[in-house]
Amino acid sequence: MIGVVNRLFAKPWIWSFLGALLVWVAAIVFTGGYGAGGMLTAALSLSVFTVVVGVGQTFVITLGPGNVDLSLPANIGLASAVAMKAMNGDDSMVAVGLLAALGCGMAIGVANYLLIWALRIPPIIATLSASFIIQSIDISYGRGLQIKPPPGFADFTNAQIFGVPVLAILTVLFTLGAGIALHRMVYGRSVLAIGQSIRAARLAGVRVGWIRFLTYALSGTLGGLDGALLAGYFRGANVDIGNEYLLASIAVVVLGGTSVAGGKANIPGVWGAALFLVLLLTMLNTFGVSAGVRLLLTGLIIVVVITAAGGPKAPR
Amino acid sequence: MTAAWTAAAQTASPEIGGFNVSRLLRALLPALSLTLVLLAIAYLNPRAISYFGFTLMLNLAIPIALATIAQMFVITGNDLDLSIGTFVGFVGCVTATWLRDAPLLGALALLGCIGVYAALGALIYLRNLPSIVVTLGMSFVWQGLAILLLPKPGGKAPDWLQAIMGVKPPFIPFPIIAAVIIAAVAYFGLMRTSYGAILRGSGGNAVAIGRAGWSLLKAKAALFALTGLFGVLSGMALIGITTSADANIGNGYTLLSIAGVILGGGEFVGGRVSPIGAVIGALTLALAASPLLTFMHIPPDWQVAANGAILIIVLAARVVISQRGAER
């Protein structure tokens, strides 16, 4: 038993789950146990959106220093508009709309990699420049977009089975798949290898360019998927719908135990960190603090957690 | 494999070349892009190229240039500040409230902000933390503080600050003089003083600087404190122009400042930055984003895209120039 516990505590992702548990307990102690289950349901629903982009960002960040996808918020915003326009409020068009959003996201991911490859610039700048342009396209394309999601799709994004959101169950399956892809498949092992040493990976015969291309395309596609789901969940597309996911996607990756230096990724931690962030907001809301205090405390807690967890140890 | 070789050849070429045309071109690229934007504006609307036109067009470029210089200091140390935008917003809120009503308290708060920045630098160094995450957290903190201080847009800039930002010097418009001063101060401080060389070295080769007996902790704290200082100046300048504040007023500056540094020829690693280039980059972004588009009759929707397009064009030009140098 003690052996199991010890092994559990050796996992880097356990801390984010413990943190999530801690803020949840603090919140229900405050409410006197009222709404404990509802809080978890809501947290699971909202975490899904962070987890989906967080997984994409995990793969990108694992590629090594300087790799980060800053175009996610703009991507989510545009995809949400594309999905709503393609679905046009019609239940029979849901599949088409989802495919359109996925395609839009993937195109953005491909464009990101083309910029990185053609201009040989750090990904952070390539995705930043791309996000400027995507943002403008979205403002121009999605202006005054009032289309509601098809009722079937909106119900699906809000559906629950015994208080567990269906989307959360699907996302757990998705993250299991992502974990297998990362640790057991050639693609994931290649991503890890590139993050540990791009030169060694290249000499070992890893197709570095191809793997990086796939990773940015994957991140973009997940951003597109997230945009469609968000538009369904919040009943409509919006230019600003993805704004909070720039910070959130990076924060969950790092708080979940993935190394920003690359080469070391942690998929379960993304779930733990996303639940932690959402439950933290829920807790602060139940305490009834103002928006300013909420932001202030969120920021301080992120800084304190990352300080306590410590950065990567100096290279051997 | 081949990619690695060509990359190696390209990075090596400036050293081998000695007097190298591509290197010179690369250094001139920021100025060249600014000139092109100015020529385009002059062609589209000749009347804009006047004392009054420049004062109007470049007014908001002063806070952007200051924020860009702030970002440049952290980039010198291989870090990135994702909180500079919300920090500028918070400084703006302090300027429009405390600095006017209780100047001593306001000044102390702003000095305290610089202290916080220095402490962040020390923390990042001591715990070997990723600066992206720490500053990400701080961006929430600054925004939260700004909302607490000024829940609704409002406040008023101190009169002396409005007077400074509204100065009308003879012949040369104030924003141009300000830009030259900012660039000159940053240039001499970072590129021409011995401690400036240490600071750049801490980004280029930290181990070497450490072995030579310099405190890397102090260098990191100094770089962050300088970022804080220029962030404070940026927020104050911004409020001097807009005269009232809003908690979200600086949010766009985070990405603009990073773009400005890169546009000006800075690089993310190795302590290779250019203060003059950074100021020119900021001016280019400020001009291209709104006056140029207005004269081209392009709707404001595409302002942000103009910044992205300029970044991509300049970076593409840089690649072309480097390739020329490699082929030689």
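This is a predicted model: local features need pLDDT of at least 70, side-chain atom pairs count only at pLDDT 80 or more; totals for chains, interfaces and linings use all residues.
A salt bridge is taken here as a side-chain nitrogen of Lys or Arg within 4 Å of a carboxyl oxygen of Asp or Glu. Because Lys220(B) belongs to helix α13 of chain B and Asp79(B) to the loop between α4 and α5 (84-96) of that chain, the contact ties together parts that are 141 residues apart in sequence. Lys220(B) is buried, its relative accessible area being 15%. Asp79(B) is likewise classed as buried, at 9% relative accessibility.

A salt bridge is also formed by the side chains of Asp159(B) and Arg100(B), with an N to O distance of 3.5 Å. Distant parts of the chain are linked by this pair, since Asp159(B) lies in helix α9 (residues 159-165) of chain B and Arg100(B) in helix α6 (residues 98-101) of chain B, 59 residues apart. Asp159(B) has a relative accessibility of 51% and is therefore exposed, the cut-off for that class being over 50%. Arg100(B), with a relative accessibility of 31%, is partly exposed.

The structure contains one cavity of 30 Å³ or more, and the volume of the largest cavity is about 30 Å³. Its lining is made up of Leu58(B), Ala61(B), Ile62(B), Ala65(B), Pro175(B), Ala179(B), Ile182(B) and Leu283(B). Two or more of the lining residues are contributed by each of helices α4 (61-76) and α10 (174-192) of chain B. In terms of residue class, eight nonpolar residues line the largest cavity, with no polar and no charged residues among them.

Helix α4 of chain B also carries Val74(B). At 1% relative accessibility, Val74(B) is buried, as that class covers values under 20%. Val74(B) and Ile298(B) are 224 residues apart along the chain, and their C-alpha atoms are separated by 35 Å. A further buried residue of chain B is Leu150(B), whose relative accessible area is 8%. Leu150(B) is located in the loop between α8 (131-149) and α9 of chain B.

On chain A, a nonpolar surface patch of about 850 Å² is formed by Phe156(A), Ile161(A), Phe162(A), Val164(A), Ile169(A), Leu170(A), Val172(A), Leu173(A) and Leu176(A). Helix α8 (residues 166-184) of chain A supplies the largest share of the patch, namely five residues. Val172(A) is situated in helix α8 of chain A and is partly exposed, with 38% relative accessible area.

Elsewhere in chain A, Leu102(A) is part of helix α5 (residues 94-119). Its relative accessibility of 26% places Leu102(A) in the partly exposed class. Leu102(A) is 55 residues from Ser47(A) in sequence, and the two are 20 Å apart in space, C-alpha to C-alpha.

Backbone geometry was also considered in the two chains. In chain A, Arg120(A) adopts a positive phi of about 50° although this residue is not a glycine. Arg120(A) occupies the loop between α5 and α6 (123-141) of chain A, and its relative accessibility of 44% makes it partly exposed. In chain B, Thr243(B) shows a phi near 70°, again a positive value in a residue other than glycine. Thr243(B) is placed in the loop between α13 (216-242) and α14 (253-263) of chain B. With a relative accessibility of 29%, Thr243(B) is partly exposed.

How values were computed
Residues are numbered from 1 along each chain as its sequence is written. Chains are lettered from A and ligands numbered from 1 in the order in which they are written. Side-chain values use heavy atoms; hydrogens and water are left out. On a 1 Å grid over the protein atoms alone, a cavity is a set of points where a 1.4 Å probe fits but cannot get out, and a pocket is an open set with protein on both sides within 12 Å along at least five of seven lines; lining residues have an atom within 4 Å of a point. Grid points are joined across faces, edges and corners, and a volume is the space filled by probe spheres set on the points. Helices (H or I, at least four residues) and strands (E, at least two) are DSSP runs, numbered from the N terminus. Ala, Val, Leu, Ile, Met, Phe, Trp, Tyr, Cys and Pro count as nonpolar, Asp, Glu, Lys and Arg as charged, and the others, Gly among them, as polar. Patches are made of residues with over 30% relative accessible area and no salt bridge: like charges are joined within 9 Å, nonpolar side chains (Val, Leu, Ile, Met, Phe, Trp, Tyr) within 5 Å. Accessible areas come from the Shrake-Rupley method with a 1.4 Å probe; for residues, only the protein chains shown count as cover. Buried means under 20% relative accessible area, exposed over 50%, partly exposed in between (1.4 Å probe, protein chains only).
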